[in-house]
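Here is a short briefing to read with the model open beside you.

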Amino acid sequence: MLDIKLLEEDIGKLEQGLKKRCIDLLILEHLKTQSQLRKKQIQLTDNLKAELNKASREIAQLKIKSKTDPSIMDFARTRVTETRALGVKIHDLELELQATENKLREVLLELPNLPNASVPEGGDSSFNVEIKKWGELPKFSFTPKDHVDIGERLEILDFERAGKLSGSRFSLYLGAGAALERALIQFMLDLHTREHGYQEIIPPFMVNRETMTGTGNLPKFEADLFKTQVADRELFLIPTAEVPLTNIYRESIIEPGRLPIYFTAYSPCFRSEAGSYGKDVRGLIRLHQFQKVELVKIVEPEKSYGELEKMTQNAEKVLQLLGLPYRIVLLCSGDMGFAAAKTYDIEVWLPSQNAYREISSCSNCEDFQARRADIRYRHIAQAKPRFVHTLNGSGLAVGRAFVAVLENFQNENGEIAIPKILNRYLDGSPGFIKEGDQLWLK
RNA sequence: GGAGAGGUGGCUGAGUGGUCUAAAGCGCCGGUCUUGAAAACCGGUGAGGUCGUAAGGCCUCCGUGAGUUCAAAUCUCACCCUCUCCGCCA
């Protein structure tokens with residue numbers, strides 16, 4: 001959520017940022033009108049409330065005095081009658097004020113975050129800027145197969161049966177496939193907790209409306225989510241562990257010395273993928289349910305951009321250790337997510353597509369989510385609370401890492417050389433063949 | 001699913017219609033004392049909104065929402081959450 005105070009304090013920043021986001025600036029006029037109306041209504045009702053409080057105290061005094069002096073009773077009754085009308089008036093004004101505040105909040109909740117100054121301006125992904133490339137692209141003396149062909153031949157993936165169970169855009173991992181997916185998860189979690197200093201969390205995979213609103217998934221993107229309704233209880237399946245992790249400190253003030261906070265979590269992620277019909281329908285690339293290891297940071301504002309660089313490096317490290325070639329792209333303003341102020345995408349090389357595909361997205365949301373979720377901190381004891389900055393990144397999307405391993409490390413026979421870093425998780429697992437210190441899927 | 005108890009400031013906990021402007025203790029901050037620290041003593045100590053250059057004033061917040069009343073932490077209703085016991089269950 002944007003800071004309404006920017007309207008008065010730095011309208012230029014607001015205009016510039018929203019323009020970069022391709023938002024019609026007319027909305028600002030509406031906000032200004034509502035904001036001024038709100039202040040007037042507050043002043044009016046607060047003054048009347050002060051009057052009411054004063055009258056009530058007066059009546060209390062009169063009642064005490066009337067015990068010794070009955071002649072005051074009539075006067076007290078008159079005062080009560082007079083004050084009654086005041087209460088009714090205040091009630092009406094409060095309803096009006098509430099309506100104004102609701103309208104204001106509705107608009108604010110639908111406005112995206114302002115892009116950081118370093119973010120390139122542009123309406124779509126063609127304006128993204130490649131800033132780094134890592135690794136050698138594999139050279140094949142044959143036409144590389146895609147992960148679906150490889151996986152189904154090895155009998156570690158079965159999309160037909162997944163479709164029978166749940167419909168399109170679901171996956172079924174079998175045997176060594178399931179073990180490989182699990183090994184990737186554990187490898188990523190171990191790396192982030194042991195080497196990078198993240199605390200591992202197992203969060204709820206279903207959350208309530210407030211939690212979804214805190215990270216910015218609601219109210220605007222309800223159509224992207226799976227929702228359950230049991231009795232009168234409404235719950236949403238998380239589209240990423242970012243949602244529960246970031247909301248852990250919702251509506252709280254973090255005491256001095258606790259920041260920075262680093263969380264990592266494995267979770268399944270559920271996305272409706274409405275509006276992506278026909279896109280990536282084949283295989284593991286775009287599913288209603290996929291696995292992901294997520295990174296979340298809660299930090300002091302001054303440090304958030306340094307933390308974004310570090311977090312991106314933490315995600316890169318996973319690909320480096322797996323030996324998978326990738327590049328990093330700085331997203332332009334039009335391609336960034338709703339809550340982000342700056343985003344790096346990490347894209348892994350997929351031979352079957354002859355292209356880099358997103359496998360991680362690392363964002364600094366600055367105080368956008370903190371303001372929505374009311375997450376504050378104290379720099380020192382007694383200091384006035386300030387909003388924290390929140391960051392999130394994939395570390396990594398497990399299914400896509402699985403795809404990248406299958407496709408980059410295949411040979412002509414459709415056999416897969418497993419990255420050695422996974423040996424400790426897979427050595428001895430059924431379906432893996434060992435040659436020297438090299439594990440194979442054959 | 002059934003029965004019962006309860007939700008008050010950072011924490012413990014008092015408060016059953018009007019000096020509640022929320023007691024007390026703990027914690028925290030500052031000070032006195034001390035070579036230093038502890039103890040003791042003294043003082044201070046929540047969040048948000050709004051007006052104001054400021055000092056400061058006013059308003060709101062006792063799980064959430066609605067209601068009764070001139071006046072609600074306190075009374076009424078609904079909901080949420082926590083705990084205990086029973087049932088079911090991994």
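Four residues of domain 1 touch nine residues of domain 2, where contact means heavy atoms within 4.5 Å. This is a predicted model, in which local features need pLDDT of at least 70 and side-chain atom pairs count only at pLDDT 80 or more, while totals for chains, interfaces and linings use all residues. Residues are numbered from 1 along each chain as its sequence is written, chains are lettered from A and ligands numbered from 1 in the order in which they are written, and side-chain values use heavy atoms, with hydrogens and water left out.

**Between the domains**

- Chain A is assigned domain 1 (6-110) and domain 2 (125-441), with bounds from an automatic or database domain assignment.
- The two domains bury about 680 Å² between them; buried area is the accessible area (1.4 Å probe) that two parts lose on being put together, summed over both.
- On the domain 1 side, Arg-21, Leu-109 and Glu-110 lose the most area to domain 2, together 80% of what that side buries.

**Around the RNA**

- RNA strand B is surrounded by 24 residues, each with a heavy atom within 4 Å of it.
- Among the closest are Arg-38, Asp-46 and Arg-376.
- A polar side-chain atom of Asn-53 sits 3.0 Å from a phosphate oxygen of RNA strand B.
- For Arg-376, a polar side-chain atom is 2.9 Å from a sugar or linking oxygen of RNA strand B.

Notes: Polar contact = N/O pair within 3.5 Å; in protein donor to acceptor, adjacent residues only side chain to side chain.
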